[in-house]
Amino acid sequence: MNNVVITGSARGLGFEMAKVFRKNGYSVALSDVNEKNLASAEEQLKKEPGSGKVTAKLCDVTSLDQLEALWQHAASQLGEIDIWINNAGVNQPMVPLWELKQKEIDLLIDIDLRGAMYGCKTAISHMKEQGHGCVYCIEGFGADDATQLGLTAYGSSKKGVQYMVRGLAKELTKTNTPVQVGRLNPGIMITDFITHPLGKEGTMELSDSVKKVYNILGDYPDVVADFLVKGMIANVSKKKQDDYVAWLTKVKAMKRFMTAPFNKRDFFKN
Ligand SMILES: NC(=O)c1ccc[n+]([C@@H]2O[C@H](COP(=O)([O-])OP(=O)(O)OC[C@H]3O[C@@H](n4cnc5c(N)ncnc54)[C@H](O)[C@@H]3O)[C@@H](O)[C@H]2O)c1
């Protein structure tokens, strides 16, 4: 056993988590909406250290049918699925809510909130049948109630994701369903996500003040993935409901700000 499915895993955090799972003996089903990136991620993952199988399936998380096809593909290739991660997500253009176009709001909510909800529905239904499994969702800015200019739509979706997982935990407990849900807090990561709003469309120039915060609180996704995957693997035997694996805690963030004058990191240097 030891099988994991990760949505949006052709790059960034999803791909880095796939590498760590593989190193820890897991078989991995990669999936993404970007076909070209997915093919190269599959090829690259097969070359990484690990004994488990690697498989890949194109999947747009805004489609329940495609998520169902992803489950069927992973289960037929790998067997029972122990961990399913709703990782696919997009950032928003850093403008106030009223300046977003309708299609930008729709896309963001469809991927970040509806996609995670569809992913939970799909994976929990099948894990209930197989009698075990844990589904994780990714929190982000807003889940901790923070507010900021240019992150209101994104923050609303991540707050929604947090509420959904906590609600699901209650539903699973009350119905004695042998499936767990959990939340991952990856903090701030230096990935394409921060400069490419809504996935494909254009790049976004970050202001100096935003870069300053990212330099203090940010990390590369491989560092974060290592921490999050170890937490998820530990919970396979513990089976904690509403498991919360948090990389950037309030205490860690405070320490980062206090030591910032001595820690001259610059992720944006050319
Ligand atoms: N980077 C950060 O600072 C940060 C901070 C907190 C939370 N997060 C969350 O972490 C997760 C991963 O972020 P990342 O930084 O690795 O981003 P990323 O942009 O590097 O990777 C996201 C992946 O999701 C895929 N994707 C986009 N739309 C999709 C769809 N409809 N269906 C399937 N796949 C789709 C993209 O093709 C991409 O491969 C997201 O949920 C994001 O909200 C990121």
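## Overall form

In this predicted model, buried residues make up 42% of the 270 residues in the protein chain. Among the contacts with a separation of 6 or more, 71% are between residues 24 or more positions apart. Along the principal axes, the C-alpha atoms of the protein chain fill a box of roughly 50 × 40 × 35 Å.

Eight helices and nine strands are found in the protein chain. The radius of gyration is 18 Å, close to the 18 Å that the globule rule gives for 270 residues, so the chain is as compact as a globular protein of that length.

## The sheet

Seven strands form an open sheet with parallel pairing, in the order E3-E2-E1-E4-E5-E6-E9. Its edges are strand E3 (54–58) and strand E9, each of which pairs on one side only. On average, neighbouring strands of this sheet are turned by 20° against each other, direction ignored.

Within the sheet, strand E1 (residues 3–6) runs parallel to strand E2 (residues 27–32), and four bridges join the two. In this pairing, Asn3 stands opposite Ser27 in E2.

## Helices on the sheet

Helix H4 (residues 102–130) packs on the sheet, where it touches strand E4 (83–86), strand E5 (134–138) and strand E6. The direction of H4 makes about 165° with that of E4. Helix H7 also packs on the sheet, touching E4, E5, E6 and E9. The direction of H7 makes about 160° with that of E9.

## The pairing of H4 and H5

Helices H4 and H5 pack with their axes 9 Å apart, at an angle of about 15°. Angles under 35 degrees count as roughly parallel, and H4 is therefore roughly parallel to H5. The crossing of these two helices is right-handed.

Both helices contribute several residues to this contact. From H4 come Ile105, Leu108, Ile109, Asp112, Leu113, Ala116, Met117 and Cys120. They meet Ala153, Tyr154, Ser157, Lys158, Gly160, Val161, Met164 and Leu168 in H5.

Trp247 is found in the loop between strand E9 and helix H8 (250–259). This residue has 19 other C-beta atoms within 10 Å and is partly exposed; a residue counts as buried at 20 or more.

Leaving aside residues up to four places away in sequence, Trp247 touches Asn185, Pro186, Gly187, Val224, Phe227 and Leu228. One of these, Val224, is 23 residues from Trp247 in sequence, while the two are 6.6 Å apart in space, C-alpha to C-alpha.

## Two loop residues with positive phi

Asn176 lies in the loop between helix H5 (152–174) and strand E6 (180–185). Its phi is near 50°, a positive value in a residue other than glycine. Asn176 has 6 other C-beta atoms within 10 Å and is exposed, because 12 or fewer is the condition for that class.

Lys239 is placed in the loop between helix H7 (221–238) and strand E9 (243–246). The phi of Lys239 is near 55°, a positive value in a residue other than glycine. With 12 other C-beta atoms within 10 Å, Lys239 is exposed.

Conventions: Residues numbered from 1 in each chain as written. Predicted model: local features only at pLDDT ≥ 70, side-chain atom pairs only at ≥ 80, totals over all residues. Rg over C-alpha atoms; globule rule 2.2 N^0.38 Å. Contact = placed C-beta atoms within 7 Å. Pairing = 2+ DSSP bridges. Axes fitted to C-alpha atoms, helices over the stretch in contact; angles between N-to-C directions. Parallel < 35°, antiparallel > 145°, perpendicular 65-115°, else oblique. Left-handed = near helix turned anticlockwise from the far one by under 90°.
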